[in-house]
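Me: Could you take me through how helix packing and aromatic pairs are read in a model like this one?

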Amino acid sequence: MGKYTPLGDYLRAQQRNEVPMTFAQIERVIGGTLPHSHRYRAWWSNNAFNSVMTKVWLDAGFRSADVDIEKRKLVFRKLAPQEPGRVSEDAVGNVERAAVSKRHPMFGALKGLVRIAPGTDLTDPADPDWGRMRET
């Protein structure tokens, strides 16, 4: 039995579609403390390769949502049951987007994060001696 197995058992026993929990409640359920990395939003993502605990809640049929790091709480939402042969809405959206553009999905992810001051000439070398041969 793994450290986070009790969380999976707890979630499977829930009849509700949403299970709000504090980080302290999760620690009581698992009988231990969460790792320091739980203080970062990425740790609570629903990527099965993210952490062992993520795989536990996904295997129990839940996704993490509404993560509030400062208030130390989140909501586990039950995944809709998947019918055999049915494609999830997320997968359909990804297929449709892929058909529209051949660009990498991360293309444009940093758009708007860099601002260039008006009057800046990006073709000017930053080093005035750039390109000059140096004599030794």
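Reply: Axes are lines fitted to C-alpha atoms, for helices over the stretch in contact, and angles run from 0 to 180 degrees between N-to-C directions. Helices are DSSP runs (H or I, at least four residues), numbered from the N terminus. The model is predicted, with local features needing pLDDT of at least 70 and side-chain atom pairs counting only at pLDDT 80 or more, while totals for chains, interfaces and linings use all residues. Residues are numbered from 1 along each chain as its sequence is written, and side-chain values use heavy atoms, with hydrogens and water left out.

Me: At what angle do helix α1 and helix α2 pack?

Reply: Helix α1 (residues 5–12) and helix α2 (residues 23–30) pack at about 105°, their axes lying 7 Å apart, which makes α1 roughly perpendicular to α2 (65 to 115 degrees). P6, L7 and Y10 of α1 meet I26, V29 and I30 of α2 in this contact (heavy atoms within 4.5 Å).

Me: How many aromatic pairs does the structure hold?

Reply: Rings of Phe, Tyr and Trp (its six-membered ring) pair if their centres lie within 6.5 Å, and planes under 30 degrees apart count as stacked, over 60 as edge-to-face and the rest as tilted. The structure holds four such pairs; among them, W43 and W44 are edge-to-face, at 4.9 Å centre to centre and 85° between the planes. The rings of W44 and W57 are stacked, because their centres are 5.9 Å apart and their planes at 15°; this pair links distant parts of the chain, with W44 in the loop between α2 and α3 (52–59) and W57 in helix α3, 13 residues apart.

Me: Which residues form one aromatic cluster?

Reply: F23, W43, W44, W57 and F76 form the cluster. W44 and W57 are both buried (under 20% relative accessible area, 1.4 Å probe, protein chains only), and W43 is buried too.

How values were computed: Helix = DSSP H or I, 4+ residues; strand = E, 2+ residues; numbered from the N terminus. Parallel < 35°, antiparallel > 145°, perpendicular 65-115°, else oblique. Buried < 20%, exposed > 50% of the residue type's maximum accessible area, 1.4 Å probe, protein only.
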